[in-house]
Amino acid sequence: MLVYIIRRSLQSLLVLVAMSLLVFAGVYAIGNPVDILINPQAEQLERERAIAELGLDRPLPEQYATFIRGALSGDLGRSFVHSTPALSLIVERMPATLELATAAMLIAVLLGIPLGLWAGVKPDSAGGRAIMAGSILGFSLPTFWVGLMLIMVFSVMLGWLPSNGRGPTSELLGVPVSFLSLEGWRHLALPATNLALFKLALLIRLTRAGTREALLQDYVKFARAKGLSNARVILVHVLSNILIPIVTVIGLEFGSVIAFAIVTESVFAWPGMGKLLIDSINTLDRPVIVAYLLVIVAIFIVINLAVDILYSVLDPRVRLAEAKG
Amino acid sequence: MSAPAGPRGMAGDRAGESPAARIAADFLANPVAVFGLVLLGCIVLLAVIAPLVSPQDPYDLAQLDIVDARLPPGSVSGSGGTFWLGTDDQGRDMLSAILYGLRISLAVGAISTFLALLIGLTLGLLAAYLGGRVETLAMRVVDIQLSFPAILIALILIAVLGQGTGKVIAALVTIQWAYYARTVRGAALVERRKEYVEAARCLALPPLRIVFRHLLPNCLPPLIVVATVQVAAAIALEATLSFLGLGLPITEPSLGLLIANGYQYLLSGKYWISFFPGIALLLTIVSINLVADQLRDVLNPRLQR
Amino acid sequence: MSVVGAAGPAVCAGVAPAPVLEVSGLRTHFFTKAGVVKAVDDVSFTLARGEVLGLVGESGSGKSITGYSIIGLVDPPGRVVGGSIRLHGRELTGLPAEEMRQIRGNRVAMIFQDPMMTLNPVLRIDRQMTEAVLAHEAVGKRAALARAREALVAVGIASPDERLRAYPHQFSGGMRQRVAIAIALMNRPDVIIADEPTTALDVTIQGQILFEMQKLARETGTALVWITHDLSVIAGLADRVCVMYAGRVVESGSCGELLSRPAHPYTRGLLDSVPSRNPRRARLKQIPGMTPPLIDLPAGCAFRERCSRAIGRCAEAPGITRYPGPVPARVVRCHAPLVPIDGAA
């Protein structure tokens, strides 16, 4: 078990290094690092000073080393617009994005798995077909448009929910969160639902496919032969088998939800990392862009690693085999 | 032994039909898929003949009158024509703008998918043919790229390359090629193991021939399915990028840009500027997905009865 | 698990006791797009307490479907369309789902062929065993666990506590099948239907399992329907045998009589093709031809095309003919049986 964890961690480290090389290459070798890291509006003298300071006149490998050293100590440059360290800007916005992503994922899971189970157990019923049709809509509808429609219906026409911003937040362990207050929930509701939609459709389809396949297995027939109630057969036997691959998908998709949040945050003006990225792209605040990229790549790699380890823990066949070997 | 409790030897035999005819028949058996196909056909047709059917050329500034701006659907213009779907903030007829926008969205989606298909197909076949470490490395790259969400890659590319139609297409191609490479390589893997490839190699047939005559036709069914789904995904992604202001320039207003234009007017109740382009986008993507779903079922050899 | 006294059906003055299981005229059809498949077409037999009935046939003969029909696990597009299945006199066909569920695993249990797949790979053994008890009786978890432990011991599994906490993939095939048998026995059913339970196992393990099952049937008085295609298994185990072909019973009778003096040509063919019965160096005997597809059965006797004794009359489907003798009588479905009906030697 330990061997497996170590092996996977080393692999992840490798990918992280590779990605840092790519980002570095993109910024320093392909793009014009001078434009990226130095405010284009700076004066000539300042530019030359900054170039020397940042070591942009040094050979590339040395620049890469500096880059890595900076990254490891948390220095990823300074934002042009805000004049604060880029990394701290991102870290400041992270809780908002993570909260949104978590809420969206929760909605997708709590609705998606039961609906998918239903569609899998009764595929030819009216309900089953409706669920599948709904799921096609779910991943066909472009997220941003659904967001707009949600605003149109719930904010403009019905006036029930606010259309943008995060509203007042409360503190939890020093981190600002929204879910502890009703007002926070009202602001969270629309963006979280919007973000959840695509994943919800995905989970429904995944669960349905897994359920249909599981129902054909011998252990289901044996369970029925024991005289177990239909509910128990499905909720214990089928669910326990399909949950393992589904949990891994959920884990992997969480990273993608954080990325998709970029769009949702823009539509709903939710003050998270994603909105920061878009603003930065528009204002050409490149250090922030670079910082964002590195952070999100790191998040991704950590999530992938965690999911891999989780899978090996959950599946008794893998867990016990690894324990032996 | 995991089949349901049923007797063996029940398969009906449908020999005697050509594969194409059988595929077509299977496809048309599902009314929902037929509906999708018809809808898609109409949309493509409208896009192609847009200049002929739209009431107004929305980008000819001479035809616009600012007085007509932001009129609700059904209003009548100063010159007598009806704005069936309302007008936007420049006085453009929404219906015309949508038809032209459809053209651009579909064109960008199709071109990027086609290019990505070519590149992915070539690289995938090459990797499969060369085998060994080259193949493993190539597939690792593909896997890593596919593990990152498309939107992220797109944004990175746009941030690095800058904006513009060519760059958007380049970004879309860069995102998509990996799907095709992986699909092709997967199919090629299966084919490679088959005995006739061994035999052909023994006969010292030129490798290109093996690749084209044998590997390629067997890769086609899954490729077609992936390509269809990807066209929809490319269209959606381009729309998202344009909405964020990072996609096509305003000289090539795709549906995404139209929606973005109308964003600011949502809160004041002028929904039609965003709503109708959105519906057009929605119908396009849904119809493509319906067709793709059925194609997937029909071309899947494991579901053949 | 209490050991019951004398095994085997008690016979007094030529009248057999009321059978535990009575199947008459069972018909199970599958309504597919390609047509109706008559998987089980007029099958009848009775089963007495503690009796072992061998249900023999090739694949496609309908023997497994008969088993599923009895326990009520026929999947759509199939269903029981006719006949009756009586358990202790109670009619099972047409029972509402909930009542059938209470009988399943409780009064009638089933063991399947492939032990690799019948146990749920991600659940522990103890859970899979106790749920079989808890689904039918409101005993506490501890009592159910105790029963499970007892059952494992009864089927010959050492260190049951350790085994209970394990997962299926940690067991060998033979052991998994023993667990399946233990589960079947836990609720002390009246009938166990075993669908080729030893086919997927090693020959040596097969022998062990057969021995265990026989012993358990004798000790507990549980009746056993043993479905198989392997005559050699039946020979040592069954009291009575039913031979099936193309969905119909073609012959049934006591095991010894049937195997030594088969009445139906198909049974004769089956016996002749067993390798150990063939003299050395002679060509192995085979029944010519193939089982007809069930979807398109020819009219008349289904075995006609392959039978060396076929006569003109066989174009008309034969019915069941009873031989004179004690009940349950020997029967055959043939116009030209190998053993004449009047019972001559």
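The following questions and answers examine how terms are applied to a predicted model.

Q: Why are S4(C) and S5(C) called paired?
A: The definition asks for at least two bridges, and S4(C) and S5(C) have 2 bridges in the antiparallel sense. The pair therefore qualifies. Arg86(C) stands opposite Glu91(C) in S5(C). S4(C) and S5(C) also form a hairpin with 2 residues between them. In the turn, His88(C) has a positive phi of about 50 degrees.

Q: Why are S2 and S5 of chain C called edge strands?
A: The open sheet has 4 strands in the order S2-S1-S4-S5 (chain C), with antiparallel pairing. Strand S2 (35-47) and strand S5 (90-91) each pair on one side only, and they are the edge strands.

Q: Why is the span of helix H6 of chain A called close to the expected one?
A: The expected span is 1.5 Å times one less than the number of residues. Helix H6 (residues 126-140) of chain A has 15 residues, for which 21 Å is expected.

Q: What makes a residue of H6(A) buried, and which residues are buried?
A: A residue is buried if 20 or more other C-beta atoms lie within 10 Å of its own. In H6(A), the buried residues are Ile131(A), Ser135(A), Ile136(A), Gly138(A), Phe139(A) and Ser140(A), so each of them meets that cut-off. Their cover includes helix H5 (86-121) and helix H8 (182-215) of chain A, together with H11 of chain B.

Q: How much of chain A and of chain B is buried?
A: By that cut-off, buried residues make up 42% of the 325 residues in chain A. In chain B, they make up 43% of the 305 residues. Chain A has 13 helices and 2 strands, while chain B has 11 helices and 2 strands.

Q: How do you know that chains B and A touch?
A: Residues are in contact if their C-beta atoms lie within 7 Å. The contact takes 35 residues from chain B and 34 residues from chain A, so the two chains touch by this rule. On the side of chain B, the largest share, 9 residues, comes from H11(B). This side of chain B has 26 nonpolar, 8 polar and 1 charged residues.

Q: What makes up the contact between chains C and A?
A: The contact takes 25 residues from chain C and 19 residues from chain A. On the side of chain C, the elements that give two or more residues are helix H2 (97-103), helix H3 (115-118) and helix H4 (125-134). The residues of this side divide into 13 nonpolar, 8 polar and 4 charged.

Technical notes
Residues numbered from 1 in each chain as written. Chains lettered and ligands numbered in written order. Predicted model: local features only at pLDDT ≥ 70, side-chain atom pairs only at ≥ 80, totals over all residues. Nonpolar A, V, L, I, M, F, W, Y, C, P; charged D, E, K, R; others polar. Buried ≥ 20, exposed ≤ 12 C-beta atoms within 10 Å, placed from the backbone.
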